Amino acid sequence: MTAEENFAKLGLVLPPAPKPLGVYKPLLVDGRLVYLSGHGPVNADGTLILGRVGKELDEEAGKLAARQVGLTLLSTIRTQLGSLDRIKRVIKVLGMVSCDADFEKHPYIINGCSELFAAVWGVDNGIGVRSAVGMGSLPGGIPVEIEALFELH
Amino acid sequence: MTAEENFAKLGLVLPPAPKPLGVYKPLLVDGRLVYLSGHGPVNADGTLILGRVGKELDEEAGKLAARQVGLTLLSTIRTQLGSLDRIKRVIKVLGMVSCDADFEKHPYIINGCSELFAAVWGVDNGIGVRSAVGMGSLPGGIPVEIEALFELH
Amino acid sequence: MTAEENFAKLGLVLPPAPKPLGVYKPLLVDGRLVYLSGHGPVNADGTLILGRVGKELDEEAGKLAARQVGLTLLSTIRTQLGSLDRIKRVIKVLGMVSCDADFEKHPYIINGCSELFAAVWGVDNGIGVRSAVGMGSLPGGIPVEIEALFELH
């Protein structure tokens, strides 16, 4: 099964690839590595999921927001590289959760993205190293931002 | 136009390259990659810009602080590598803003650094991937800290 | 002196290598590079150091927590790669401190890890680039989380 075939089986819809909110590239290829800028949770209609995890968004909504960030990263990959099949494996994910000081379940939230990647590229190639941490704030009031590093085939 | 020529045209002054505040190297070369430690905004007289963005510093002051971080990164590059011309392109920037939970304009702030890099190395090579995020706090009370990854010629 | 010999001289005890709290690998090898996921401070009995730096943990306790994160990273390296001697040098460390907005001594805290790495791999190879920053919160209420990038021999 290819990554595109795995993704098709999930029955999920990719949001439009977001345009940069500042002076940066959404994706950059350096040899066999692909760097993805920090992405937020773009909905299928192009709007953003907003709110703080543990306040406006409970844990389940936060995890779904992280999955939506994952879908947004996939959209940028497909838009810029043509196919999810270009990616060989996930190397690194930095998952950033906007939440208050007493929030503790960052890994659970970011699993929303990581489980999506594992479903698309498989348990071995779809899972890389990761940090899941709590930010003081995120751009535009989004609940989750994720940047990632992939290896090309 | 070379990076040094582009920089000269801007009429900006590089601050002194900062000495490490802890046990780390300001810059490390690994093959054709150059890693820069997180840098703060050093003024031309060696002092630091201090304060929190959205409180002591308004948005314009915050963006100027990010540009000053960019100048400080350039100073470390020139001091350690001899010339800005050694850099081929920007690969990755992590822009960290010290601000309260309701701050939303992190990309605008970090553009202060990214626009400088684009002016020095050009729109294609001077712009890489980026995350711009809000930190709970930063060392010594600085408003912006930026780490970066470059490719050498 | 090898890294293992240097470590033995320190008289410190490695905690058990932590199992992932989410969907990620603790360590990933990519060619001659080794990526380490964000690690927390695991005690020798497998429990975690908890609390916020500047509140439950004063500066000295925070620095010791960062050293304990360093020991936990060493434990993952030895468990996954067989020996600390597999590592040639430290390339990059991202040190994240859980603390309130007025905390300023992040570099001092993260030195707890960096000084350990310098003692194990030497002042030149054991010290890389670094950012030391303040997070709004960290998983499970840990005071320090550190991710790192190493080069293999």
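**Chatting through three chains**

Reader: Which residue stands opposite C:Val34 in β5(C)?

Author: That's C:Phe150. Keep in mind that this is a predicted model.

Reader: OK, noted. How many bridges join strand β2 of chain C to β5(C), and in which sense do they pair?

Author: Five bridges, in the antiparallel sense. The β2 strand here is residues 33–39 of chain C.

Reader: And how many bridges does β5(C) have with β3(C)?

Author: Nine bridges join them, and the two strands run antiparallel. On that side, C:Met96 stands opposite C:Glu145 in β5(C).

Reader: Is β5(C) mostly covered or mostly open?

Author: Mostly covered, since seven of its nine residues count as buried. The cut-off for buried is 20 or more other C-beta atoms within 10 Å of the residue's own.

Reader: Let's hop over to chain A. How many residues of strand β5 are buried there?

Author: Seven of the nine, so β5(A), residues 144–152, is mostly covered.

Reader: What joins it to β2 of chain A?

Author: Five bridges, with β2(A) (residues 33–39) and β5(A) running antiparallel. A:Val34 stands opposite A:Phe150 in β5(A).

Reader: How many bridges go to β3 of chain A, then?

Author: Nine, again antiparallel, and β3(A) covers residues 87–98. For a specific pair, A:Lys92 has A:Leu149 as its bridge partner in β5(A).

Reader: Switching to helices. How far does α3 of chain C span between its end C-alpha atoms?

Author: The helix, residues 106–125, spans only 22 Å. A straight helix of 20 residues would span 28 Å at 1.5 Å a residue.

Reader: Where does α3(C) bend, and by how much?

Author: At C:Ala119, by about 90 degrees.

Reader: Which residues of that helix are buried?

Author: The list includes C:His106, C:Pro107, C:Ile109, C:Ile110, C:Leu116 and C:Phe117. C:Val120 and C:Trp121 are among them too.

Reader: Now the chains together. What rotation superposes chain B on chain A?

Author: A rotation of 120 degrees with 0.0 Å of shift along its axis, and the RMSD is 0.0 Å. That is the relation of a three-fold axis.

Reader: Which C-alpha of chain B is nearest the axis?

Author: The one of B:Gly136, 2.6 Å from it.

Reader: What share of the contact residues of chain B recurs in chain A?

Author: 8%, and the copies use different surfaces.

Reader: How many residues go into the contact of chain B with chain A?

Author: Chain B gives 26 residues and chain A gives 22. On the chain B side, the elements giving two or more residues are β3 (87–98), α3 (106–125) and β4 (129–135). The largest share comes from α3(B), with eight residues.

Reader: How does that side divide into nonpolar, polar and charged?

Author: 13 nonpolar, seven polar and six charged.

Reader: And how many residues does the contact of chain B with chain C take?

Author: 22 from chain B and 26 from chain C. On the chain B side, β1 (27–30), β2 (33–39) and β5 (144–152) give two or more residues. Of these, β2(B) gives the most, with four. By class, that side has 11 nonpolar, seven polar and four charged residues.

Reader: Last one. Where does A:Pro20 lie?

Author: In the loop between α1 (3–10) and β1 (27–30) of chain A.

Reader: Why does A:Pro20 count as partly exposed?

Author: Because it has 14 C-beta neighbours inside 10 Å, and partly exposed falls between the 12 or fewer of exposed and the 20 or more of buried. The C-alpha atoms of A:Pro20 and A:His39 are separated by 9.2 Å, with the residues 19 apart along the chain.

Conventions:
Residues are numbered from 1 along each chain as its sequence is written. Chains are lettered from A and ligands numbered from 1 in the order in which they are written. This is a predicted model: local features need pLDDT of at least 70, side-chain atom pairs count only at pLDDT 80 or more; totals for chains, interfaces and linings use all residues. Copies are superposed by least squares on the C-alpha atoms of residues with pLDDT of at least 70 in both. Two residues are in contact if their C-beta atoms, placed from the backbone, lie within 7 Å. Ala, Val, Leu, Ile, Met, Phe, Trp, Tyr, Cys and Pro count as nonpolar, Asp, Glu, Lys and Arg as charged, and the others, Gly among them, as polar. The expected span of a helix is 1.5 Å times one less than its number of residues. The bend at a residue is the angle between axes fitted to the seven residues ending there and the seven starting there. Two strands pair if DSSP finds at least two bridges between them.
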